Amino acid sequence: MTDSAPARPTLDDATQAPRRIPSVERLVGGASEEVLTTYGRTAVTEAVRTILAEIRVQGGPVPDEAAIRSAVAKKLAAERRPSLQPVFNLTGTVLHTNLGRALLPRSAAEAVAAVMVQASNLEFDLATGARGERDDHVEGLICRLTGAEAAVVVNNNAAAVLLVLNALAMRREVVVSRGELVEIGGSFRVPDVMARAGCRLREVGTTNRTHLRDFAEALGPRTGLVMKVHPSNYAITGFTAEAEPMALHALCQEHGVPLAEDLGSGSLVDLAAYGLPPEPTVRAALARADVVTFSGDKLLGAVQCGIVAGRKDLIARVRKNPLKRALRVDKMTYAALEAVLRLYLHPEQLAEELPTLRLLTRPQAAIDAQAHALVPAIAEHLSGWATVSVAECISQIGSGALPVETLPSAAVVLTPDGEGGRRGAGGRCKRLAERLRGLPVPVIGRISDDAIVLDLRTLEDEAGFLDSLSHLSSPNDGAPGRRAC
Ligand SMILES: *Cc1c(COP(=O)(O)O)cnc(C)c1O
């Protein structure tokens, strides 16, 4: 703000008297027509007041009016920028929870926009004119794609699990294998969710081995539910055993106890058919369980929501539970989910039309060719900052799917220029990463061995990416990234 202040800023240029802080009225009155129409008088006045207050607090020489005006304009522009904004996810994790997970196809985004700006038949049956049920918009599609008899949609998969537990086993025991009492992504811990749902946890077996007889011994009059949980972000290998799923299901049926399976990701298609490592499908899980819960924004590739699918009588109990009302989703979610589910009706085009599958199935050779083609342009924008090269790397699906399997990919590697050994390199790397986060569309990579690795598996908008990089100023410019100040 004081960059352009003259050497002896305390003297006013015209009167040579000590410069005083100009009045709010003078600064707002003198604001350009453009600034006033863009931001409005209220916001301009507030920004002027804030900047003047900062000058008073800082003390020292008073900057000239031009500098104050420029600080006000900068503040107004910064306030305009939305907090939630698009970024380039080049971390190599395709379904990155912190970066918004699945990307919607444009058709789904348009379906969302259409019901947002106009009234819709969210809970209205157009055939009869009577009240409708919001799940009706997707239930038929989910059943068709999974073989389920019925389905409900809630806020996310954590909510789906909570709801199933509460609806089917409140004040009763839920039998779970010790090896499946997992924590997923920090705040979702199976035992905690169970307690909140009002269920009593009955652990059976050991961490690495659980047998059918362990379940058989635990099942009794107090049992409300048997639950299986996909271990998601970890794998137990070596001397392991689990109850054979079909036999476990038969045992539950004998006792009249429902079996629920929390799939986490839960794919709607066999990923192996697309050359990817296999992940349990919802259809396969429903052959060995009565209800299945899974996320809408993991492998399914839609928006944040949780789906409970399965036996009609059990889904009816889930739907009637008062928590369903608290956990229900908005019309935006139904619009996006319906549009994405419809893509699955055309499996021949799915790998092209569904962004998650399109990115996951990109061959390494194509990503490598893209990286080599982009290096010259990237190197130009990074001149003075880093040396640019191409390297093989490994992408991940993310969001708990296939924790041990990986996808070969290619990356553009930015190795910071300069002296100073490893310590210096680490600092320069962090500085560059900070600048990349400050770009108009922030670029997020991962730091590895004092270099920034940009996995190009998820780069589709090359022009937008290069345009954002073109705003990288030289490392010697004092101008910090917009967040850095
Ligand atoms: C991801 C996951 C959840 C939580 O799903 P959200 O949609 O993120 O709420 C629950 N269970 C398992 C096994 C998961 O992998």
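The model is a predicted one, so local features need pLDDT of at least 70 and side-chain atom pairs count only at pLDDT 80 or more, while totals for chains, interfaces and linings use all residues. Residues are numbered from 1 along each chain as its sequence is written, and side-chain values use heavy atoms, with hydrogens and water left out.

Salt bridges come up first. A salt bridge here is a side-chain nitrogen of Lys or Arg within 4 Å of a carboxyl oxygen of Asp or Glu, and the count comes to 20. One of them joins Arg-26 to Glu-65, with 2.7 Å from N to O. This pair ties together distant parts of the chain: Arg-26 sits in helix α1 (residues 24-29) and Glu-65 in helix α4 (residues 65-80), 39 residues apart. Helices (H or I, at least four residues) and strands (E, at least two) are DSSP runs, numbered from the N terminus.

Helix α4 also holds a pair of its own, Glu-79 and Lys-75, which are 4 residues apart, about one turn of the helix. Their side chains meet at 3.6 Å, N to O. As for cover, buried means under 20% relative accessible area, exposed over 50%, and partly exposed in between (1.4 Å probe, protein chains only). Lys-75 has 23% relative accessibility, so this residue counts as partly exposed.

Then there is Arg-288, which bridges to Glu-261 with the closest N and O atoms 2.8 Å apart. Arg-288 counts as buried because its relative accessibility is 18%, and Glu-261, at 7%, is buried too. Elsewhere, Glu-123, Arg-131, Arg-134 and Arg-328 are linked in a salt-bridge network.

On the surface, Met-116, Val-117 and Met-332 make up a nonpolar patch with about 290 Å² of accessible area together. Val-117, found in the loop between α5 (106-116) and α6 (136-146), counts as exposed because its relative accessibility is 72%. Patches take residues with over 30% relative accessible area and no salt bridge, joining like charges within 9 Å and nonpolar side chains (Val, Leu, Ile, Met, Phe, Trp, Tyr) within 5 Å. Areas come from the Shrake-Rupley method with a 1.4 Å probe; for residues, only the protein chains shown count as cover.

Finally, the inside. A search of the whole structure turns up 1 cavity of 30 Å³ or more, a cavity being a set of points on a 1 Å grid over the protein atoms alone where a 1.4 Å probe fits but cannot get out. The largest cavity holds about 50 Å³ of space, the volume being the space filled by probe spheres set on the points, which are joined across faces, edges and corners.

Terms used:
1 Å grid on protein atoms, 1.4 Å probe; cavity = no way out; pocket = protein on both sides within 12 Å on 5 of 7 lines; lining within 4 Å.
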